[in-house]
Amino acid sequence: ALHERTERYELVLAGAQSAIWDWDVPGRRVHFSAQWKALRGFADNEVGDGEEVWSAGIHPEDAARVMAAVQAHLLGKTPVFAEEYRIRCKDGALKWFSDRGIAQRDASGNVVRMAGSESDITERKRIEQALRDSQADLNRAQSVGQIGSWRLNIQRNELHWSDESHRIFGIPKGTPLAYETFLSIVHPDDREYVDRMWMAALRGAPYDVEHRLVVDGAVKWVRERAELEFDEQGGVVGVFGTT
């Protein structure tokens, strides 16, 4: 019965592309599931049970951070061990893994065991890097063209600016933004006009305006264009625009 249960558990983990490890901390031995080994390109009989089997494969740039996280958990400083790091596989390829584990303690509080699971997140990391590269290209293009973009969430009154918009308006990145933030930077003589055009835009009128800003005491002329964003029911949920 135990053998059948173990096989079922391994099958579920294989289908989920997850892997488990079970660490006898005092004995310094680790049981690695077949899927744990397979994710690294090893057959079941090619991997021993020493602690070094796991630690040796961690990318040198990640090793110190990961080991510090393990020690912090063993010392009771964190509720779980959770890290993302790179592993060198049998064929030399690098993979990104997400690793989570939790320690079991005896009545005296000493760690007697630690177990956890891993999953391959290489594709997710690749997509995240591609998105960062794309965002960097967009920021550079906006900087060259001196065109910033922005989005306003109508329900929450949350305004989000691109890097170039922050430069144009002279507001540091990380500053909480709302419609009122934007309006306060508009030149006082143009503020009523801009607000009126904005309210008309929320009712469906085109928003394409030129007006002045006052940034660090200097006057700038800008042109702003925007279009409404709707939910599935046709209600206005946001506005996307350029400056």
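I began with the pair Asp62 and Arg65, whose side chains meet in a salt bridge at 3.3 Å, N to O; the term requires a side-chain nitrogen of Lys or Arg within 4 Å of a carboxyl oxygen of Asp or Glu. The model is predicted: local features need pLDDT of at least 70, side-chain atom pairs count only at pLDDT 80 or more, and totals for chains, interfaces and linings use all residues. Residues are numbered from 1 along each chain as its sequence is written, and side-chain values use heavy atoms, with hydrogens and water left out.

I noted that Asp62 and Arg65 lie three residues apart in helix α4, about one helical turn. Helices (H or I, at least four residues) and strands (E, at least two) are DSSP runs numbered from the N terminus. I then looked up accessibility: Asp62 is buried at 4%, whereas Arg65 is partly exposed at 34%. Buried means under 20% relative accessible area, exposed over 50%, and partly exposed in between (1.4 Å probe, protein chains only).

I checked α4 itself, residues 60-74, which has 15 residues. Its buried residues include Val66, Ala69 and Leu74. Just after α4, I found Gly76 with a positive phi of about 80 degrees.

I next examined Asp44 and Lys37, joined by a salt bridge at 2.7 Å, N to O. Asp44 is partly exposed at 48%, while Lys37 is buried at 8%.

I also recorded the salt bridge of Arg151 and Glu229 at 2.7 Å, N to O. This pair links distant parts of the chain, 78 residues apart: Arg151 is in strand β6 (residues 149-153) and Glu229 in strand β9 (residues 218-230).

I recorded 24 salt bridges in the structure.

Technical notes. Expected span 1.5 Å × (residues − 1).
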